[in-house]
Amino acid sequence: MTDEKLQHAKEVFKTLCATLDSHDWHYEKDEEKLVIQCGAQGEDLPMKLTINVDVKRQLIILLSFLPFEIPEDKRLDVAIATSIVNNRLVDGSFDYNVTNGHMYFRMTSSFIESEIGNEMFTYMLMCSCRTIDDYNDKFFMLGKGMITVESFIKND
């Protein structure tokens, strides 16, 4: 890793923090690892976000682990629903581990030879939170057997 890459990543991290400050978001930051922990409350389930400025790959990685585990007997249904949802999303995706039933939302953006502004971070945050809030309760209900995969698909 070059000093130039590290310096650029630190500038991106500084812009991320400034963006969060401008929106009055509460967050914890690790300036050494270039990681932010924050969250938001949607219409139903809370959303925890981790945003990492990856120096080596020159990526901004936003992850949000969904706060539930899909039971074994519902994992195939959730895999089908995840595939359908991801096909419809414009940006970001839900990652689902069918082996352990864990899900998270992921959005990334490259900053290779790019100047990143507040607007990009605002977009990442708002788009991610909206997408997570639109689907986290549906995935939860599907996993709990409260809705069927057919109704999930029909009402999406």
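Is Asp95 buried or exposed? At 17% relative accessibility, Asp95 counts as buried, because the cut-off for that class is under 20%. Good morning, colleagues. The model I am presenting is a predicted one. I shall begin with the charged pairs and then turn to the aromatic rings.

Side chains of opposite charge can pair when their charged atoms come close. Five salt bridges are present in this structure, and I shall discuss some of them. Asp95 takes part in one, with Arg106 as its partner and an N to O distance of 2.6 Å. Arg106 belongs to strand S6, residues 102-110, and Asp95 to strand S5, so this contact ties together parts that are 11 residues apart in sequence.

A second salt bridge joins the side chains of Glu69 and Arg75, at 3.7 Å from N to O.

Let me now move to the aromatic residues. A pair of aromatic rings is described by the distance of the centres and the angle of the planes. The structure contains seven aromatic pairs. In one of them, the ring centres of Phe94 and Tyr135 are 5.9 Å apart and the planes stand at 75°; since an angle over 60 degrees counts as edge-to-face, the pair is assigned to that class. Phe94 is located in strand S5, residues 93-97, and Tyr135 in helix H3, residues 118-144, so the pair ties together parts that are 41 residues apart in sequence. Phe94 is buried, with a relative accessible area of 2%, and Tyr135 is buried as well, at 10%.

Another pair, Phe139 with Phe152, is tilted, with 5.3 Å from centre to centre and 35° between the planes. This pair links distant parts of the chain, 13 residues apart: Phe139 is in helix H3, and Phe152 is in helix H4, residues 149-154. Both Phe139 and Phe152 are buried.

Which residues form one aromatic cluster? They are Phe94, Phe105, Tyr135, Phe139 and Phe152. Tyr135 also has a charged neighbour: the charged end of Lys138 sits over the ring of Tyr135, 5.3 Å from the ring centre.

Thank you for your attention.

Definitions and conventions. Residues are numbered from 1 along each chain as its sequence is written. This is a predicted model: local features need pLDDT of at least 70, side-chain atom pairs count only at pLDDT 80 or more; totals for chains, interfaces and linings use all residues. Side-chain values use heavy atoms; hydrogens and water are left out. Rings of Phe, Tyr and Trp (its six-membered ring) pair if their centres lie within 6.5 Å; planes under 30 degrees apart count as stacked, over 60 as edge-to-face and the rest as tilted. Helices (H or I, at least four residues) and strands (E, at least two) are DSSP runs, numbered from the N terminus. Buried means under 20% relative accessible area, exposed over 50%, partly exposed in between (1.4 Å probe, protein chains only). A charge sits over a ring if NZ of Lys or CZ of Arg is within 6 Å of the ring centre and within 35 degrees of the ring normal. A salt bridge is a side-chain nitrogen of Lys or Arg within 4 Å of a carboxyl oxygen of Asp or Glu.
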